[in-house]
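Dear colleague,

Please find below the structure that I am handing over to you, together with its sequence. My notes on it come after.

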Amino acid sequence: MAKWQDHVGLLAKAHKYVARSAFKLLQIQKRSQLIHPGDWVLDLGCSPGAWLQVACQLLGPLHCGGSVIGIDIKDTALPLVGCDDRVMAIKEDVRTMSHDDFQYLCPGGFHVVLSDMCHNTTGNAMLDAARSLQLGQLAAEVALGEQQSFSGGGSSADDGISLEHHGVLQENGNLLIKLLQGSGSQEFAKQLRPQFRKVLWMRPEASRRASREMYVLGLGRRYACSTQPA
Ligand SMILES: C[S@@+](CC[C@H](N)C(=O)[O-])C[C@H]1O[C@@H](n2cnc3c(N)ncnc32)[C@H](O)[C@@H]1O
């Protein structure tokens with residue numbers, strides 16, 4: 001396995017990707033056709049930019065259009081290879097951004113929302129998983145909107161569900177979120193299930209053996225204008 005990991009690192013260098021994580025997205029893409037030519041892609045936690053490179057390549061030639069907008073709390077120097085004029089990176093903390101901020105970036109909504117956001121890990125598996133779940137929930141809120149209340153009383157027009165907004169992911173859009181596995185990850189995936197045609201877990205071969213990271217993938221958003229309880 002160590003040999004394979006070295007191999008992934010060498011491959012990343014050979015293809016001029018700024019990080020080996022490029023191969024995680026490529027492997028997920030191969031299995032799930034997440035990104036299509038001409039898509040608008042939001043990449044949360046984009047630094048150092050390997051997913052920006054891969055996503056831009058998947059947009060196809062310039063005439064196909066589309067865009068990749070990355071956001072990271074850190075500065076991201078746009079990689080010179082693999083990124084063209086359709087890519088931009090913004091230095092911002094996703095936790096402090098409003099729905100309006102995201103909508104301003106793409107008023108029509110995104111076809112794909114990616115989140116590879118991760119804190120620096122502490123070595124405490126429970127704590128790391130809990131913090132990763134918070135970032136995953138944040139990414140889901142950006143994409144799908146906030147479920148403000150579930151009264152269950154059925155008295156309001158929308159059966160007790162009130163929404164502040166519906167998120168920036170278009171109907172039929174795809175969502176990919178990294179989580180460090182721990183308590184709450186299965187429940188998180190379960191909550192996504194009614195909102196997508198298909199929800200699945202993936203662990204790309206390019207992930208390090210010791211890492212607890214997994215990717216939850218929602219394919220084909222069902223409800224662009226309303227949502228339903230899990
Ligand atoms: C594993 S790296 C992403 C790697 C990236 N996908 C690539 O391929 O180059 C995780 C990133 O999440 C970012 N991050 C963590 N919390 C964030 C937040 N609240 N807002 C924005 N970015 C955040 C970190 O700064 C870090 O750069």
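Predicted model: local features only at pLDDT ≥ 70, side-chain atom pairs only at ≥ 80, totals over all residues.

Residues are numbered from 1 along each chain as its sequence is written, and side-chain values use heavy atoms, with hydrogens and water left out.

**Overall make-up**

The chain has six helices and nine strands; these are DSSP runs numbered from the N terminus, helices being H or I of at least four residues and strands E of at least two. Of its 230 residues, 48% are buried (buried means under 20% relative accessible area, exposed over 50%, and partly exposed in between, with a 1.4 Å probe and protein chains only). Among contacts with a separation of 6 or more, 67% are between residues 24 or more positions apart (a contact means heavy atoms within 4.5 Å).

**Nonpolar cores**

A nonpolar core is taken here as a set of buried Ala, Val, Leu, Ile, Met, Phe, Trp, Tyr and Cys residues joined through side-chain atoms within 4.5 Å. The largest one has 31 residues, of which Leu42, Leu44, Phe102, Val113, Leu175 and Leu192 touch the most other members. At least two residues of this core come from each of several elements, including strand S1 (40–44), strand S4 (110–115), helix H5 (125–144) and strand S7 (169–180). H5 gives the most, with eight residues. Another core, of 30 residues, lies apart from it and has Ala12, Val54, Leu114 and Met202 among its members.

Leu44 touches, beyond four places in sequence, Ile71, Val94, Phe102, Val113, Leu114, Ser115, Asp116, Met117, Ala139 and Val142. Trp40 also lies in strand S1, but at 31% relative accessibility Trp40 counts as partly exposed.

**Aromatic pairs**

Two aromatic pairs are found in a search of the whole structure. Rings of Phe, Tyr and Trp (its six-membered ring) pair if their centres lie within 6.5 Å; planes under 30 degrees apart count as stacked, over 60 as edge-to-face and the rest as tilted. Tyr17 and Phe23 form an edge-to-face pair, because their ring centres are 5.6 Å apart and their planes stand at 90 degrees. Tyr17 is buried at 12% relative accessibility, and Phe23 is buried at 11%.

The pair of Trp51 and Tyr215 is tilted, with 5.8 Å from centre to centre and 40 degrees between the planes. Trp51 belongs to helix H3 (residues 50–58) and Tyr215 to strand S9 (residues 213–221), so this pair ties together parts that are 164 residues apart in sequence. Both are buried, Trp51 at 2% relative accessibility and Tyr215 at 0%.

**Contact of H2 with H3**

The axes of helix H2 (residues 22–32) and H3 come within 8 Å and cross at roughly 35 degrees (axes are lines fitted to C-alpha atoms over the stretch in contact, and angles run from 0 to 180 degrees between N-to-C directions). Ala22, Leu25, Leu26 and Gln29 of H2 meet Ala50, Trp51, Val54, Ala55 and Leu58 of H3. H2 is largely enclosed by the rest of the structure, because eight of its 11 residues are buried.

**Annotated residue**

UniProt, in an unreviewed entry, lists Lys178 for "active site"; such annotations may be inferred rather than shown by experiment, and the position is given in the numbering used here, with the feature name shortened. Lys178 is found in strand S7 and is buried at 8% relative accessibility. Leaving aside neighbours within four places in sequence, Lys178 is in contact with Ser115, Asp116, Met117, Cys118, Ser132, Glu213, Met214 and Tyr215.

**Backbone features**

Most residues other than glycine have a negative phi, and most peptide bonds are trans. A cis peptide bond joins Ser47 and Pro48, with omega about 10 degrees; Pro48 lies in the loop between S1 and H3. Lys16, which is not a glycine, has a positive phi of about 60 degrees and is exposed, with a relative accessible area of 53%.

Yours sincerely
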